[in-house]
Amino acid sequence: MPAPIRLRELIRTIRTARTQAEEREMIQKECAAIRSSFREEDNTYRCRNVAKLLYMHMLGYPAHFGQLECLKLIASQKFTDKRIGYLGAMLLLDERQDVHLLMTNCIKNDLNHSTQYVQGLALCTLGCMGSSEMCRDLAGEVEKLLKTSNSYLRKKAALCAVHVIRKVPELMEMFLPATKNLLSEKNHGVLHTSVVLLTEMCERSPDMLLHFRKVWILVPQLVRILKNLIMSGYSPEHDVSGISDPFLQVRILRLLRILGRSDDDSSEAMNDILAQVATNTETSKNVGNAILYETVLTIMDIKSESGLRVLAINILGRFLLNNDKNIRYVALTSLLKTVQTDHNAVQRHRSTIVDCLKDLDVSIKRRAMELSFALVNGNNIRGMMKELLYFLDSCDPEFKADCASGVFLAAEKYAPSKRWHIDTIMRVLTTAGSYVRDDSVPNLIQLITNSVEMHAYTVQRLYKALLDDISQQPLVQVSSWCIGEYGDLLVSGQCEEEEPIQVTEDEVLDVLEGLLVSNLSTPVTRGYSLTAIMKLSTRFSSVCLKISSRIKKVVSIYGSICLKMYSQACLTRANDLLDLLGGNDVVPVIQTTLPTKPASAGGELLDLLGDLSLSGGPAPAPSVPVSQPPFLLDGLSSQPLFNDISAAIPPMTAYSKNGLKIEFTFERANPNPNIAVITIHATNTTEDDMTEFVFQAAVPKVTMYSLVKVGNMQQQLRMRVKLTYTHKGSPVQDLAEVNNFPPQSWQ
């Protein structure tokens with residue numbers, strides 16, 4: 001069999017592939033050759049073949065068939081074979097596969113090998129993929145190597161011990177005697193891995209943490225090492241951008257943070273060295289910023305002195321001026337964690353934090369917004385709200401909901417006056433009314449109700465806002481309610497806080513009636529508007545016959561429509577809730593049809609007012625006949641806008657296919673009973689949503705708007721519908737003809 005190609009040649013060949021298919025063909029061809037070599041037990045080129053297999057594994061191709069070959073290389077006596085074998089074991093094997101247990105004896109033998117490099121390979125492999133069973137079996141050998149005088153082996157044994165502790169925490173005490181002299185080592189590699197091992201032991205065992213605090217007292221040793229690193233001269237072996245071994249400094253600071261947390265003695269012992277690190281570390285390079293950041297976290301987490309905490313917050317304030325976005329982000333995040341405990345110190349950097357609201361990075365902008373709200377108090381509420389409202393005007397839609405909610409909470413807690421509170425809430429509703437919480441409308445109504453002296457000012461401001469914009473539904477709802485309650489103050493022009501405006505009754509009714517017909521108004525908004533119009537019938541001090549007739553007409557036209565729309569909306573919400581409950585035996589309490597009552601003045605909506613006395617005086621006793629003044633809305637036509645004839649014209653199923661069901665219901669309109677209004681009800685019976693739903697209907701020209709009679713016969717109503725929607729990510733379009741209309745609908 002010819003000698004296989006070398007790894008370098010394979011890499012060069014694969015890189016010449018122009019397409020992925022060509023590369024895949026090369027890989028498959030080489031894998032076939034490697035498999036043949038493995039079957040023939042070719043020991044000469046096994047190392048070369050496994051090396052090529054590892055390269056293919058790095059490219060993402062399957063290489064599991066080389067696992068046993070790795071074990072054979074590990075058992076070899078040649079160092080080159082062992083190196084590739086252990087590398088292959090770390091890449092191709094893990095503890096979920098039983099094959100790795102076959103390595104236990106080989107690793108144990110290599111841990112006791114006479115060559116330190118072979119021992120190092122075994123330690124690396126055990127520390128990388130050793131299972132709990134292997135760790136239990138080999139922990140003794142690792143503990144022996146941890147006590148050796150060889151620095152090369154001690155640093156690898158320390159990292160391997162970290163893996164053993166993570167897999168088998170109960171073996172932690174085995175390594176405790178060996179760690180006693182680790183911090184006296186001068187080799188930085190051993191020091192680094194020793195600190196990692198001690199950190200792992202402190203984090204996993206409270207008993208070990210107490211032992212290192214009170215018995216061995218690690219803090220002075222760590223302080224000595226850290227001080228030597230700061231004060232030592234230039235060392236080319238450990239220097240990184242002018243700082244001596246920053247990786248070791250960061251590790252020591254993290255361990256000090258764990259030891260000093262909730263411990264007065266340990267915190268006191270490390271205060272001085274933390275101050276030295278914070279003042280002597282160079283900030284022009286990222287290396288120094290990393291050390292300073294760890295120092296700040298340590299100062300904030302231990303029981304440090306107040307002056308030291310101020311120094312740490314000032315460091316974070318300098319970070320906010322850095323050009324690196326990552327540094328600014330971690331500074332904002334750290335300040336957000338400390339603002340509750342060191343509020344005054346963070347307040348000194350308020351202007352810099354507010355400037356971060358203008359940053360282009362959305363993550364920095366969000367952290368700055370959260371921190372700005374945390375800094376708001378009674379002393380800076382006006383200035384901070386000015387900046388945050390400006391941010392609300394210009395921020396992206398994804399920020400508006402959180403920003404509006406934060407402004408509401410801050411204004412409610414720290415408002416200097418009721419007028420300022422009302423103005424601030426109105427500004428939010430004008431700017432981002434569509435993004436506020438659902439309870440913002442009743443909360444503002446409650447605020448306005450309690451501010452008696454501000455009624456005239458509020459109704460005038462809201463009326464002006466309503467003239468400018470009716471797209472913000474919460475603002476429109478509050479304005480409608482306020483006009484209905486205090487419309488007399490608006491018309492009389494009694495506002496003292498600002499120049500009053502001259503408004504007539506007709507102009508107020510024009511605005512409210514415009515809300516009823518606007519496409520932007522929701523059913524809830526129309527309900528607010530209609531209620532306001534009805535209230536104005538008693539609020540206006542002098543109501544002429546023209547205004548009275550106009551109010552009656554509006555209520556009679558829109559009253560039934562608003563009730564039906566509200567009833568349908570409530571029924572839809574109830575059905576959605578039942579879908580969430582998932583039970584077929586749950587019956588909604590909302591009626592699908594309105595209850596039948598004797599007709600009274602004003603139609604269905606005005607029937608609700610029939611038993612109320614709106615004159616403002618006490619209700620008379622029922623046994624004494626009292627002549628009451630005629631009610632303003634009396635005398636309206638009792639005919640509703642639609643007749644309920646569901647019993648006369650039965651509903652029908654117009655379409656049922658692919659989980660989509662469409663039903664028609666029929667109503668005849670007043671005053672012309674020859675017109676039938678068809679309402680469609682579309683139901684999705686599948687588990688996936690149907691989006692972008694469009695329903696189009698057309699009838700033949702001969703049946704457009706009326707039915708054509710030929711002699712004594714009538715032509716049956718026919719309709720063609722076109723359905724377009726998206727289901728499971730795919731567009732769906734279908735045509736259907738509906739010709740099964742009930743005879744009552746067209747005869």
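Trainee: Where is S241 placed in this structure?

Mentor: In this predicted model, S241 sits in the loop between β1 (239–240) and β2 (243–244).

Trainee: Which helices pack at an angle of about 145°?

Mentor: Two packed helices are described by the angle between their axes and the distance between the axes. Here the helices are α14 (residues 264–280) and α15 (residues 286–301), which pack at about 145° with their axes 10 Å apart. The residues making the contact are L274, V277 and A278 of α14, together with I291, L292, T295, T298 and I299 of α15. Sorted by class, this contact has six nonpolar, two polar and no charged residues.

Trainee: What covers the buried residues of α16?

Mentor: The covering elements include α14, α15, α17 and α18. The buried residues of α16 are L308, R309, A312, I313, I315, L316, G317 and F319. Helix α16 (residues 306–319) has 14 residues and reaches 20 Å from its first C-alpha to its last, close to the 20 Å expected at 1.5 Å a residue.

Trainee: Which residues does D342 contact, leaving aside its neighbours within four places in sequence?

Mentor: D342 is in contact with M300, R309 and I313, leaving aside those neighbours. D342 itself lies in the loop between α17 (325–338) and α18 (343–347). With 13% relative accessibility, D342 counts as buried.

Trainee: Why is helix α4 described as largely enclosed by the rest of the structure?

Mentor: Six of the eight residues of α4 (residues 67–74) are buried, so the helix is largely enclosed. Those buried residues are Q67, E69, C70, L71, L73 and I74. Their cover includes α2 (20–39), α3 (46–58), α5 (79–92) and α6 (104–111).

Trainee: How many aromatic pairs does the structure hold?

Mentor: The structure holds nine aromatic pairs. One of them is formed by F664 and F695, an edge-to-face pair at 6.5 Å centre to centre with 90° between the planes. This pair links distant parts of the chain, F664 being in strand β5 (residues 660–669) and F695 in strand β7 (residues 690–698), 31 residues apart. F664 is buried, with a relative accessible area of 1%, whereas F695 counts as partly exposed at 24% relative accessibility.

Trainee: Why is the pair of F693 and Y725 called tilted?

Mentor: A pair of aromatic rings is described by the distance of the centres and the angle of the planes. The planes of F693 and Y725 stand at 35°, with the centres 6.4 Å apart, so the pair is tilted. F693 lies in strand β7 and Y725 in strand β10 (residues 719–727), 32 residues apart.

Trainee: Which residues form one aromatic cluster?

Mentor: F664, F666, F695 and F741 form one aromatic cluster.

Terms used: Residues numbered from 1 in each chain as written. Predicted model: local features only at pLDDT ≥ 70, side-chain atom pairs only at ≥ 80, totals over all residues. Heavy atoms only, no water. Helix = DSSP H or I, 4+ residues; strand = E, 2+ residues; numbered from the N terminus. Buried < 20%, exposed > 50% of the residue type's maximum accessible area, 1.4 Å probe, protein only. Contact = heavy atoms within 4.5 Å. Axes fitted to C-alpha atoms, helices over the stretch in contact; angles between N-to-C directions. Nonpolar A, V, L, I, M, F, W, Y, C, P; charged D, E, K, R; others polar. Expected span 1.5 Å × (residues − 1). Phe/Tyr/Trp six-rings, centres within 6.5 Å; stacked < 30°, edge-to-face > 60°.
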